Amino acid sequence: MKNRKYYIQNAIGLSMIAALFVSQGCKKSFLNATPGKTTTVTQFWKTSADATSAINAMYADMHGYNDTAFPSIALESMGSDDVTKGSVPTDASYMNEYHTFSVTAGEGQLEGFWLGMYNNINFANQILDNVPNISMDASLKARYLAEAQFIRAYDYFRLVNAFGDVPLRIHVPKSATDYNLARTPKTQVYAQIETDLTAAASVLPATYSSADIGHVTKGAALALHAKVALYQKKWSDVVTYTNEVTALGIYSLFPDYEKMFRTTNKNNVESIFEIQCMLIPNNPAASNSQYSQVQMPRGTEPATGWGFNDPSPSLIAEFESGDPRLAGTVIYTGQTTPEGDLIDASAPNPYYNLKSYVPFSLYVSGFNQGCQQDKIVIRYAEVLLMNAEANNESGNSAAALADIELIRARAREGSTTILPKVTTTDQGALRTAIYHERRVELGMEFDRHADVIRTGRGTAVFGSLGFVAGKSEVWPIPQTEIDLSAGTLVQNPGY
């Protein structure tokens with residue numbers, strides 16, 4: 001498989017890590033990723049500074065194109081009723097193949113996503129294999145290892161959701177037999193994810209000083225563990241982990257839903273983990289996130305975006321009358337945004353994603369539009385929604401209703417005439433209410449596709465798009481990987 005070549009390159013030498021970060025200094029910014037000189041593996045992994053450089057490189061790799069732009073949009077967002085392709089019909093028409101569940105194994109975004117996730121995992125594995133042998137502060141060493149365990153778990157979770165069974169690699173290859181791995185049953189991958197998250201949560205701090213904000217926290221490990229348990233219907237575990245997040249006492253719902261997603265409010269009280277992105281002055285190469293750029297409205301100067309992954313009429317119709325979250329989720333052409341930007345009325349699409357929007361005033365010539373916009377991975381509202389769902393499935397409707405009310409109360413913004421309290425205690429009706437709340441609260445956050453599938457509603461919700469039960473729950477394994485594996489990798493059914 002192609003990640004065989006990928007791992008050979010990175011197991012032999014640390015050029016990828018060293019070239020990114022060895023000259024950069026960790027405390028100023030763990031995202032400052034300008035290329036520098038390379039360092040061989042025999043010279044690296046010697047000092048605490050080497051460990052810090054490796055951690056910095058791991059985080060920086062997460063905001064690359066494969067992680068947050070087209071491959072992620074294709075596999076994690078496009079296959080849902082929340083979005084349309086956007087842009088213009090002739091631009092990247094292959095994205096429609098994900099929206100209609102007609103993609104074949106040779107389509108390039110599959111390969112990009114696969115390589116993006118395994119590249120992140122390779123960074124984590126290098127840290128986990130090598131940092132234990134470095135003589136350095138013991139508490140910092142333990143924290144770095146825990147951070148790598150979280151990132152490895154997060155990326156394997158994304159892989160399992162995308163492909164089902166995937167090769168499970170938890171060490172850097174050391175011999176020829178280590179390279180070409182078969183697919184591991186997803187139950188075993190889930191077990192490793194949970195092992196990593198349990199270990200990470202036992203070590204990671206709840207908070208950091210300002211110099212390290214953005215690094216993985218204990219709350220992030222607990223919240224992701226809750227989501228992994230949710231996908232396996234381990235209801236009691238979901239309740240346990242979400243309650244532990246709440247008990248930390250450091251998270252709350254940000255009072256202004258729309259402002260929560262602006263760059264001025266990065267890492268706010270609701271954010272539990274977000275992929276850190278920055279505009280680093282005089283360093284466009286390091287300011288490489290395109291998460292915002294590919295979704296920003298087309299045709300609006302000077303900050304013209306690509307206009308992909310747009311809110312659908314179906315998503316817009318899901319919002320209850322007067323719900324302010326609609327205005328915090330959708331940009332309409334011809335409107336003026338809350339930040340004062342007039343969106344070109346002649347833009348080719350009627351709607352765009354407000355959650356990835358960056359005010360035009362922050363555009364800097366020579367840099368990717370919106371490169372400073374973080375991608376939020378998990379926030380406290382989702383923790384409450386997971387707690388609500390697990391409590392409802394466990395027969396505790398009172399606890400579920402309390403969670404929903406917290407979220408709807410924030411959404412009301414003080415109004416007494418919209419978003420009435422959910423009061424039903426019927427398990428089925430409350431389940432439907434929770435699904436609705438997830439859709440409108442988390443709209444355009446790359447959650448809907450996997451969320452519908454993990455609840456067994458694929459045919460009912462996505463059937464009109466082309467979803468086929470027994471096939472469309474996962475995407476095809478990239479054909480390039482199958483070819484390079486000489487048949488060791490076996491394709492998903494139906495592809």
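**Briefing: fold, cores and selected residues**

The protein has an average pLDDT of 92, and 91% of its residues score at least 70. The structure is a predicted model. It contains 19 helices and 6 strands. Its radius of gyration is 22 Å, close to the 23 Å that the globule rule gives for 495 residues, so the protein is as compact as a globular protein of that length.

**Overall dimensions and packing**

- Along the principal axes, the C-alpha atoms fill a box of roughly 65 × 50 × 50 Å.
- Buried residues make up 60% of the 495 in the protein.
- Among contacts with a separation of 6 or more, 69% are between residues 24 or more positions apart.

**Confidence**

- Over residues 1-37, pLDDT stays under 50.
- The model has 115 contacts beyond four places in sequence for residues 1-37.
- Where pLDDT is low, the predicted coordinates should not be read in detail.

**Nonpolar cores**

- The largest nonpolar core has 113 residues, and Phe150 and Phe163 are those with the most contacts inside it.
- Helix H8 (residues 138-163) gives the most to this core, with 14 residues.
- Apart from this core lies another, of 8 residues, including Met296, Ala347, Leu354 and Tyr357.
- Leaving aside residues up to four places away in sequence, phenylalanine 150 touches Leu197, Ala200, Val216, Ala220, Ala221, Leu224 and Phe273.
- In soluble globular proteins, nonpolar side chains tend to be buried together.

**Helix H7**

- Helix H7 (residues 108-130) has 23 residues.
- From first C-alpha to last, H7 reaches 33 Å, close to the 33 Å expected at 1.5 Å a residue.
- H7 is mostly covered, with 21 of its 23 residues buried.
- The N-terminal end of H7 is capped by glutamate 107, which has a side-chain oxygen 2.8 Å from the backbone nitrogen of glutamine 109.

**Aspartate 196**

- Aspartate 196 is in helix H9 (residues 186-203).
- Aspartate 196 counts as buried because its relative accessibility is 2%, and the cut-off for buried is under 20%.
- Not counting residues up to four places away in sequence, aspartate 196 touches Gln149, Arg152 and Ala153.

**Alanine 317**

- Alanine 317 lies in helix H12 (residues 313-318).
- Alanine 317 counts as exposed because its relative accessibility is 62%, and exposed requires over 50%.
- The C-alpha atoms of alanine 317 and valine 440 are separated by 9.9 Å, although the two residues are 123 residues apart along the chain.

Conventions: Residues are numbered from 1 along each chain as its sequence is written. This is a predicted model: local features need pLDDT of at least 70, side-chain atom pairs count only at pLDDT 80 or more; totals for chains, interfaces and linings use all residues. Side-chain values use heavy atoms; hydrogens and water are left out. Helices (H or I, at least four residues) and strands (E, at least two) are DSSP runs, numbered from the N terminus. Buried means under 20% relative accessible area, exposed over 50%, partly exposed in between (1.4 Å probe, protein chains only). Contact means heavy atoms within 4.5 Å. A nonpolar core is a set of buried Ala, Val, Leu, Ile, Met, Phe, Trp, Tyr and Cys residues joined through side-chain atoms within 4.5 Å. pLDDT is the predictor's confidence in each residue, from 0 to 100. The expected span of a helix is 1.5 Å times one less than its number of residues. A polar contact is a pair of N or O atoms within 3.5 Å; within protein, one must be able to donate a hydrogen and the other to accept it, and residues adjacent in sequence count only if both atoms are side-chain atoms. The radius of gyration is taken over C-alpha atoms; the globule rule is 2.2 Å times the number of residues to the power 0.38.
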